[in-house]
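Here is a quick tour for anyone opening this structure for the first time. Have a look at the sequence and the model, and then we'll walk through a few spots together.

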Amino acid sequence: MKRLAFCSGVTICLLSACDGWSNDEVVRLTSPNNKFDAVLIESNGGATTSFAYDIHIVKHNTPTGSSRVAYFYGAVRNQNAYGINLHWKSSNQLVAEYLNARIEVLEKPLTKIDGQEIKVVLRPGINDPTAPPGGMYRNLKKQQ
């Protein structure tokens, strides 16, 4: 718990020190039963910091609020691409895949929403050679 508080505090300090920081939704993935969304938020503190990522699980089509289940700092999908890949293995299991991260905190390995328990699994060591270089939000903007 102390590590989590420290990590969250460091992130807040880093982000508040930068004028151009942003928090952007980069993935919203609906569960197979269409009841829930896994949401990935990318935080960018500017050139002197890495990207931070929050995973939230919420009811389908609702805002994230205080639904964070995992936090990452400096997560990458390959040698040149930042981010996390999310996959619903089933309607009650979400998998987060990434190559590695400087900090990874699984805050809620099991969360309950509307009476349904959802398990969250972190899978480091997964290289995604198809992920484009750079941050996820920047790549989303390029596609639009």
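Let's start with Asp114, which counts as exposed because its relative accessibility is 60%, and exposed means over 50%. Keep in mind as you look around that this is a predicted model.

So what does the side chain of Asp114 meet in a salt bridge? The partner is Lys59, at 3.5 Å from N to O. Lys59 belongs to strand 3, while Asp114 sits in the loop between strand 8 (110-113) and strand 9 (116-123), so this pair ties together parts that are 55 residues apart in sequence. Lys59 itself is partly exposed, with 40% relative accessibility.

Lys59 also leads us into the strands. It is the bridge partner, in strand 3, of Phe36. Strand 2 (residues 36-44) and strand 3 run antiparallel, and nine bridges join them. Between these two strands of the hairpin there are six residues, and Gly46 in this hairpin takes a positive phi near 110 degrees.

Strand 3 has another neighbor to pair with: strand 4 (residues 68-73), again in the antiparallel sense, over five bridges. Here Asp54 has Tyr71 in strand 4 as its bridge partner.

Is strand 3 largely enclosed or largely open? Eight of the nine residues in strand 3 (residues 51-59) are buried, so the rest of the structure largely encloses this strand.

Now back to charged side chains. How many salt bridges does a search of the whole structure find? The count is six. Three of the residues, Glu25, Arg28 and Asp37, are linked in a network of salt bridges. Arg28 pairs with Glu25, the closest N and O atoms being 3.0 Å apart, and Arg28 also pairs with Asp37, where the closest N and O atoms are 2.9 Å apart.

Here are the accessibilities of some salt-bridge residues side by side:

| Residue | Relative accessibility | Class |
|---|---|---|
| Glu25 | 39% | partly exposed |
| Arg28 | 30% | partly exposed |
| Asp37 | 0% | buried |
| Lys59 | 40% | partly exposed |
| Asp114 | 60% | exposed |

Definitions and conventions. Residues numbered from 1 in each chain as written. Predicted model: local features only at pLDDT ≥ 70, side-chain atom pairs only at ≥ 80, totals over all residues. Heavy atoms only, no water. Buried < 20%, exposed > 50% of the residue type's maximum accessible area, 1.4 Å probe, protein only. Helix = DSSP H or I, 4+ residues; strand = E, 2+ residues; numbered from the N terminus. Pairing = 2+ DSSP bridges. Salt bridge = Lys/Arg side-chain N within 4 Å of Asp/Glu carboxyl O.
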